[in-house]
Amino acid sequence: MSRVYNFSAGPSVLPESVLKQAASEMLDYNGSGQSVMEMSHRSKVYEEIINQCEASLREVMNIPDNYKVLFLQGGASSQFAMIPLNLMNKNKKADFVITGQWAKKAYQEAQKFGACNVVASSADKTFSYIPQLDESKFDKDADYFHICMNNTIYGTRFTKLPNTGNVPLVADVSSCVLSEPIDVSKFGILYAGAQKNMGPAGLTVVIIREDLIGNAQEITPTMFNYQTHSDNGSMYNTPPTYAIYICKLVLDWIKDLGGLEKMKEINEKKANLLYDFLDNSKMFKGTVVKEDRSLMNIPFITGNEELDKKFVKEATAKGFVNLKGHRSVGGMRASIYNAMPVEGVQALVDFMKEFEANN
Ligand SMILES: *Cc1c(COP(=O)(O)O)cnc(C)c1O
């Protein structure tokens, strides 16, 4: 068996040790005689898995006690509606920073439920930077303030949080959650589709301050009300049981590694390997301003579409897969999530050097 280096933006690479453990437990989880996939979500043995997953997430992210952790479905995209339904309950207004397609989708969906104000946008330069925020443009009466913390498609990230005062800060952290420490207490809600850094697709994790639960708009469907899931320990209906189990294994892997401080150190090492090469290459260049560069998603181009195509084709043949860039940026994108080993990035850089020398 040979595994490739997978630079997919999501669903993405998982730690090999996690996959091996899941494989070894596939037919018989911990002496239960069943696969985790086959268990009742209300059984004792499963209850332990979901409880351990939550406990590990709380430990790894240092989540304060006044926050709930919800294991939901529907992807980060469902949160684009769930957030306004639950939070637009006082003035029916919210603020948005448009830093890419996901941020824009969150904004467009929220418009169905209330008045949405764009505080700033980086659309003018294909979202290649994080705009400076003018606090005088923040609406003091907004029910929430939304950002997309790491912009998966464009490869930018917020390194400094907006000061929103009493207005709850809500962040889409789908593509950066667990990549480095984050001060959860600065946020009203953090949410993520699991398929980038947490586990397989099908699980959506929401971390929400307790006081933001329980005031949903009248029209809110039961399944879209945070209270439903909070009151029932994410067991109102069948949760994505297997995805939660894999997420638990991923969290164990992060704990064994030394937690998020260590994770950050490794992620910076990987990103620097690639950025240093891009900064010194005559053929390849990054598409994002230096100060806003993502640790997780690194887009780059040669400036020549034919050469880009040739690169992706030759890279794929050598076992570096899913490097084709998003159609809105073109070129290439290397997503180097937590589970991508340093050796994978080093091997990619070595291949890029070779390609540059040959072309
Ligand atoms: C992938 C991604 C999404 C979409 O997630 P789904 O789970 O597919 O709905 C939203 N926001 C960001 C930042 C993403 O990276």
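A residue is called buried when its relative accessible area is under 20%, exposed when that area is over 50%, and partly exposed in between. Keep in mind as you read that this is a predicted model. With that cut-off in hand, R157 counts as buried, because its relative accessibility is 16%.

Which residue does R157 pair with in a salt bridge? The partner is E180, and the closest N and O atoms of the two are 2.8 Å apart. E180 sits in the loop between β8 (169-172) and β9 (189-193), whereas R157 belongs to strand β7 (residues 156-157), so this pair ties together parts of the chain that are 23 residues apart in sequence.

Leaving aside residues up to four places away in sequence, D292 touches Y129, I130, G155, T156 and R157. D292 is buried and yet has no salt bridge, and the nearest side chain of opposite charge, that of R157, is 7.8 Å away.

Other salt bridges lie within a single helix. In helix α2 (residues 44-61), E54 and R58 are four residues apart, about one turn of the helix, and their side chains meet in a salt bridge with an N to O distance of 2.9 Å. E54 has a relative accessibility of 24% and therefore counts as partly exposed. Helix α7 (residues 259-280) holds K264 and E268, which are likewise separated by about one helical turn because they are four residues apart; the closest N and O atoms of their salt bridge are 4.0 Å apart. Both of these residues are partly exposed, K264 with a relative accessible area of 26% and E268 with 31%. Salt bridges can also join into a network, as they do for R3, E16 and K20, and a search of the whole structure finds 17 salt bridges.

Stepping back to the whole chain, we find nine helices and 14 strands. Of its 359 residues, 55% count as buried. Among contacts with a separation of 6 or more, 68% come from residues 24 or more positions apart. A compact globule with 359 residues would have a radius of gyration near 21 Å, and the 21 Å of this chain agrees with that. Along its principal axes, the C-alpha trace spans about 60 × 60 × 30 Å.

Note on methods: Residues are numbered from 1 along each chain as its sequence is written. This is a predicted model: local features need pLDDT of at least 70, side-chain atom pairs count only at pLDDT 80 or more; totals for chains, interfaces and linings use all residues. Side-chain values use heavy atoms; hydrogens and water are left out. Buried means under 20% relative accessible area, exposed over 50%, partly exposed in between (1.4 Å probe, protein chains only). Lys and Arg count as positive and Asp and Glu as negative; His and the chain ends are not counted. Contact means heavy atoms within 4.5 Å. Helices (H or I, at least four residues) and strands (E, at least two) are DSSP runs, numbered from the N terminus. The radius of gyration is taken over C-alpha atoms; the globule rule is 2.2 Å times the number of residues to the power 0.38.
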